[in-house]
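Please brief me on the domains, the ligand shell and the strand pairing of the structure below.

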Amino acid sequence: MIAYLERFVPETDSESKDDDVSTLCKALDLQGSIDCGPTDDVASKDFGGMHSIKPLAFIRPAGTDDVAKLVKSASRSSNLTVAARGNGHSINGQAMADRGLVIDMRSLEDHFQLIRIDGLVYADVSGGALWEDVLKWSVSEFGLAPRSWTDYLSLTVGGTLSNGGVSGQAFRYGPQTSNVTELEVVTGKGETFVCSEAENSELFFGALGGLGQFGIITRARVVLQQAPDMVRWIRLVYSEFEDFTRDAEFLVTQKDGDSFDYVEGFAFVNSDNPLTGRPTVPLDSDQVFDPNYLPPNAGAVLYCLELARHHRNTAHPSTVDTAVNELLSGLGFDRRFKFELDVSYVEFLLRVKRAEEHAKASGIWDAPHPWLNLFVSKSDVVDFDRTVFKKILKEGIGGPMLIYPLLRSKWDNRTSVVLPEGEIFYLVALLRFTLPHDPKGPSAEKMVAQNREIIQFCINDGLDFKLYFPHYRSQEDWKRHFGNQWSRFVERKARFDPMAILAPGQKIFKRTQ
Ligand code: FAD
């Protein structure tokens, strides 16, 4: 088998390559299947739509054994790399492998199992499962649900755990990486381990937020809690950034029962643009944003706090109103800009799915997405707003500009994620959409250049920030990104993937022999 793999030297001509790959399929003796050649180009695409890198083969493993066999075989070759592909929702080719093996994690056999230990309940789910399927299964079968989410749920469990996984619940429960207690991981040596805080802990914490560098997550044990029936979903408008951040920070630092169950926010343009302006704020078609109520000194950019409070079907509407009004009573928003809607819990969590359907219909879902995600320290967020939102992005970005606070103490510093200093920091997500039918709109290249300008501003002005879903080309940049955690990251790599076989699309380490 090694001999076959050794033939995969770069630049083999395509005919002999096809022969080799079909030989490889047989030699590997996989339960799953292999696609190669031009018939399957999914593996060379991602949501970002700006990178296209052809793999040698796209492999659909049936289970963990297949994944282990693939990695072990690659480790016996001189040059092959292996990329786990979750749902390919990366922006910059992170799940691609140049003439390497791309593993379709979605095809791992679906595995959903309820586990009870010491009165607590968990879901054991496959690393390739979509969070939306975990939601539907756990709510419909048991009335239970994970505690910490992403905004959009057509992402895989292994894909988000390799990064962090945040949404409006993270201020309370931490990111998704803080809400799993056990993983099954195939390392870069092709060895399979079950790991947790108590067992193989270096691999457990390394893999969480590890950008796929130390192992492929084939199973995760996710903490569950009772799922609510309904959600009161609320949006409040602010014209001053300082008022918006004061209220957001107040809410995320209250005791559990004394706050909302979800706290997010976004900046939007003070215009009637349907993609970036005031029309993006109302929650329902019968709600209207009347700009006449804005204060005369309102600027070009406004802010919206987005909140949710869980409740049960049995709760009387007036009880919900009273609880919500009490929570809102100390906040400094303009009472004429409050938008509310009651939706089911599942509907609330699947809210971006509805946006996806619209975006697919208009073609913008499949056009390039030069997204930029950052964590910015509370100490620098006013500076960030002043230059980035109020100047560089004052005309919007063709999509949402999320900004909401998170708490460092809810993140486990033994994981591979790196964060700014200080307890409170902000997630800033610039979710740019390009308009395929509008040649006058800014191009993806222009948007990428604007992202660079923003990062450069953060560096030049010495802002305390980290990229979330980092994308760098040189190891110097990666060193700077990890800062004093770089040596730990390198040690973990040497221990779990010494030949740098895994996740080559992150461009951190080069394959060695
Ligand atoms: P992929 O893009 O396929 O892979 C990402 C990286 O992880 C690659 O390097 C890959 O090799 C590696 N990888 C994949 N699976 C595994 C595995 N099982 N084991 C080890 N490594 C693996 N993120 C948030 O935190 N919050 C959000 O609210 C949020 N919303 C989003 C909305 C949209 C529309 C999109 C496109 C993305 C969003 N994201 C969000 C970002 C998302 O979490 C990341 O892009 C994530 O990596 C996507 O998961 P995926 O399953 O598509 O992974």
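Two strands pair if DSSP finds at least two bridges between them. Helices (H or I, at least four residues) and strands (E, at least two) are DSSP runs, numbered from the N terminus. The model is a predicted one: local features need pLDDT of at least 70, side-chain atom pairs count only at pLDDT 80 or more, and totals for chains, interfaces and linings use all residues. Residue numbers start from 1 along each chain as its sequence is written.

**Strand pairing**

- Strand E6 (residues 120-126) runs antiparallel to strand E5 (residues 112-117), with six bridges between them.
- Within this pair, Leu114 has Ala123 of E6 as its bridge partner.
- Two residues separate E5 from E6 in a hairpin, and Asp118 in the turn has a positive phi of about 50°.
- E6 also pairs with E10, again in the antiparallel sense, over five bridges.
- The bridge partner of Asp124 in E10 is Arg221.

**Domains**

- The protein chain is assigned domain 1 (2-107 + 495-506), domain 2 (112-226) and domain 3 (230-468); such bounds come from an automatic or database domain assignment.
- The centres of domain 2 and domain 3, taken over C-alpha atoms, are 25 Å apart.
- Contact between these two domains involves 24 residues of domain 2 and 25 residues of domain 3, where contact means that the C-beta atoms of two residues, placed from the backbone, lie within 7 Å.
- On the side of domain 2 that touches domain 3, the elements giving two or more residues are helix H4 (131-142), helix H6 (170-173) and helix H7 (201-207).
- H6 gives the most to that side, with four residues.
- By class, that side of domain 2 has 12 nonpolar, nine polar and three charged residues. Ala, Val, Leu, Ile, Met, Phe, Trp, Tyr, Cys and Pro count as nonpolar, Asp, Glu, Lys and Arg as charged, and the others, Gly among them, as polar.

**Ligand shell**

- The ligand is surrounded by 35 residues, of which Gly86, His89, Gly158, Gly159 and Gly212 are the closest; a residue is near a molecule if its C-beta atom, placed from the backbone, lies within 6 Å of it.
- Strand E3 (82-85), helix H5 (157-161) and strand E10 (215-226) are the elements that give two or more residues to this shell.
- The shell has 13 nonpolar, 20 polar and two charged residues.
- Domain 1 and domain 2 each supply at least three residues to the shell.

**Record annotation**

- An unreviewed UniProt entry lists residues 51-227 as "domain: FAD-binding PCMH-type"; UniProt annotations may be inferred rather than shown by experiment, and the positions are given in the numbering used here, with feature names shortened.
- In the model, residues 51-227 are 23% helix and 30% strand, and the end C-alpha atoms of the span lie 39 Å apart.
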